[in-house]
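Work through the exercises below with the sequence and the coordinates at hand, and try each task before reading its solution.

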Amino acid sequence: MKAFLPPNKDTPKETVAEGCDSDAISSSNYMPAPNQKRAEGQNKDLSLEREVSSIPRGGNTSEKYWVYPSEQMFFNSMRRKNWSPSEDDMASVVPIHNAVNEMCWRKILEWEAMHENQCGGPRLVKFQGKPRDYTPKARLRSLFGYTLPFDRHDWIVDRCGKQVRYVIDFYSGKPDPNSPSSVSFYLDVRPALSVEGVMDRIRRLFH
């Protein structure tokens with residue numbers, strides 16, 4: 001993926017839920033509660049504005065959509081994970097993070113299109129990052145010389161009351177020789193291994 005699609009600007013903003021990297025642990029994203037406070041030793045102010053995603057929120061909540069972290073929240077999250085983020089990078093890193101998640105949801109919708117849904121469409125219930133918990137497919141690919149993904153997410157989707165798990169492997173893409181500063185990702189999004197998940201994968205081959 002060499003071009004990122006922006007989040008849907010028409011998404012209603014009356015009710016939203018916390019998104020990735022959203023500091024107590026939430027059962028919906030396994031992350032602490034939002035932290036908009038300036039970090040110790042921080043050199044410059046960061047934006048506190050948050051963008052509403054196009055991803056519907058599922059589960060026992062009144063919120064309608066997930067909302068992405070602000071620059072300050074993202075910076076605090078990286079600090080908490082013992083990374084060394086730069087304040088100057090946040091203005092570009094956060095939009096990329098948001099756009100990648102939007103693309104993940106679009107790819108999940110492609111899978112969900114094979115199922116009838118009379119309940120207003122699929123909704124994201126919760127998600128979890130598992131960067132070092134490699135999937136069997138990723139490990140198999142590595143035996144043939146491919147690099148392992150730099151991250152993995154499991155997304156739980158509500159399909160008319162039934163929870164379905166999707167697995168997402170994130171790979172770094174090949175750089176564009178005509179645009180050295182561009183960022184490229186490859187997203188491998190598919191249903192988790194289960195009887196239904198395997199059937200969906202087979203159906204997708206002929207869909």
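A patch, as the term is used here, is made of residues with over 30% relative accessible area and no salt bridge, and nonpolar side chains are joined into one patch within 5 Å. The model to which this is applied is a predicted one.

**Exercise 1.** Determine which residues form the nonpolar patch on the surface, and state what accessible area they have together.

Solution. Applying the patch criterion gives L193, V195, V198, M199, I202, L205 and F206, which have about 790 Å² of accessible area together. Next, take one of these residues, L205, and locate it in helix α4, which covers residues 195–206. Finally, exposed means over 50% relative accessible area, and L205 counts as exposed because its relative accessibility is 69%.

**Exercise 2.** Describe the second largest pocket by its volume, its lining and the classes of its lining residues.

Solution. Start with the volume, which is about 190 Å³. The lining is then read off as S47, E49, R50, E51, P69, S70, E71, A91, V94, P95 and N98. Sorted by class, this lining has four nonpolar, three polar and four charged residues. Helix α2, residues 90–112, supplies the largest share of the lining, namely four residues.

Conventions:
Residues numbered from 1 in each chain as written. Predicted model: local features only at pLDDT ≥ 70, side-chain atom pairs only at ≥ 80, totals over all residues. Heavy atoms only, no water. 1 Å grid on protein atoms, 1.4 Å probe; cavity = no way out; pocket = protein on both sides within 12 Å on 5 of 7 lines; lining within 4 Å. Points joined across faces, edges and corners; volume = space filled by probe spheres on them. Helix = DSSP H or I, 4+ residues; strand = E, 2+ residues; numbered from the N terminus. Nonpolar A, V, L, I, M, F, W, Y, C, P; charged D, E, K, R; others polar. Patch = residues over 30% accessible without salt bridge, like charges linked within 9 Å, V, L, I, M, F, W, Y side chains within 5 Å. Areas by Shrake-Rupley, 256 points an atom, 1.4 Å probe, with all protein chains shown as cover. Salt bridge = Lys/Arg side-chain N within 4 Å of Asp/Glu carboxyl O. Buried < 20%, exposed > 50% of the residue type's maximum accessible area, 1.4 Å probe, protein only.
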